[in-house]
Amino acid sequence: MMRLAVLLLLLLPLPAFAGAFVNQGQFGTGSTASGTSFFVTTAQDGDVGNLVVCALGKNDSGTGTTDGTGNAEFTSGVDDAGNVYTEARETCNMQTSAADDGGCVAIYYSQLTTLLSSGAHITFTVPNGLRAEGACHEF
């Protein structure tokens, strides 16, 4: 599931940001087995003005059988410093109306307006409480 999220990251156009992109490396990872939110713990400081892009994946909730976008399996992202993360794209392969038989991926991003310290959390809301994972990179 994470490979699909990373592939989507490479294919999706992102908004224009000032300056050249330089990959600062993996910014953090995180996962949860259940719960209505999960967090990515940062492995380095996130500097003001830099772009943080997060690839997220989770098991589907089973609330429908509609593949594609608009399923709201991820609903928000914010970090400990108050930077807000915007959803660029979310898509699901729902399979059937049973939970955990499909998957959803999403790409979130934020151009940091406040320094985010190493060891801080980026928290993402997943309303249905199923397993979720995420990895973020800083540019």
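The predicted model contains 2 disulfides. With the bonded cysteines numbered in sequence order, their pairing is 1-4, 2-3.

**Disulfides**

- Cys 54 is joined to Cys 136 by a disulfide with an S to S distance of 2.1 Å.
- The torsion about the S-S bond of Cys 54 and Cys 136 is about 105 degrees, so this disulfide is right-handed.
- Because Cys 54 belongs to strand β3 and Cys 136 to strand β8, the bond ties together parts of the chain that are 82 residues apart in sequence.
- Cys 54 is buried at 0% relative accessibility, and Cys 136 is likewise buried at 0%.
- A disulfide also joins Cys 92 to Cys 104, with an S to S distance of 2.1 Å.
- The link of Cys 92 and Cys 104 is right-handed, with 115 degrees about the S-S bond.
- Cys 92 lies in strand β5 and Cys 104 in strand β6, 12 residues apart.
- Both Cys 92 and Cys 104 are buried.

**Aromatic pairs**

- Phe 38 and Phe 124 form a tilted pair, 5.8 Å centre to centre, with 35 degrees between the planes.
- Phe 38 is in strand β2 (residues 37–42) and Phe 124 in strand β7 (residues 121–125), so their pairing ties together parts that are 86 residues apart in sequence.
- Phe 38 and Phe 124 are both buried.
- Tyr 85 and Phe 124 pair edge-to-face, at 6.1 Å centre to centre and 70 degrees between the planes.
- The pair of Tyr 85, in strand β5 (residues 84–93), and Phe 124, in strand β7, links distant parts of the chain, 39 residues apart.
- Relative accessible area is 4% for Tyr 85, which is buried, and 1% for Phe 124, also buried.
- Ring pairs connect Phe 38, Tyr 85, Tyr 108 and Phe 124 into a cluster.

- Residues touched by Tyr 85, beyond four places away in sequence, include Val 52, Cys 54, Tyr 108, Leu 116, Ile 122 and Phe 124.

**Asn 83 in its loop**

- Asn 83 is located in the loop between β4 (76–79) and β5.
- With a relative accessible area of 1%, Asn 83 is buried.
- A polar atom of the Asn 83 side chain lies 2.9 Å from the backbone oxygen of Thr 114.
- Not counting residues up to four places away in sequence, the contacts of Asn 83 are Gly 77, Val 78, Ser 110, Leu 112, Thr 113, Thr 114 and Leu 116.

**Ser 37 in strand β2**

- Ser 37 lies in strand β2 and counts as partly exposed, at 36% relative accessibility.
- Ser 37 and Thr 123 are separated by 86 residues in sequence and by 6.7 Å in space, C-alpha to C-alpha.
- Apart from neighbours within four places in sequence, Ser 37 is in contact with Thr 32, Thr 123, Phe 124, Thr 125 and Val 126.

Key: Residues numbered from 1 in each chain as written. Predicted model: local features only at pLDDT ≥ 70, side-chain atom pairs only at ≥ 80, totals over all residues. Heavy atoms only, no water. Phe/Tyr/Trp six-rings, centres within 6.5 Å; stacked < 30°, edge-to-face > 60°. Helix = DSSP H or I, 4+ residues; strand = E, 2+ residues; numbered from the N terminus. Buried < 20%, exposed > 50% of the residue type's maximum accessible area, 1.4 Å probe, protein only. Polar contact = N/O pair within 3.5 Å; in protein donor to acceptor, adjacent residues only side chain to side chain. Contact = heavy atoms within 4.5 Å. Disulfide = S-S within 2.5 Å.
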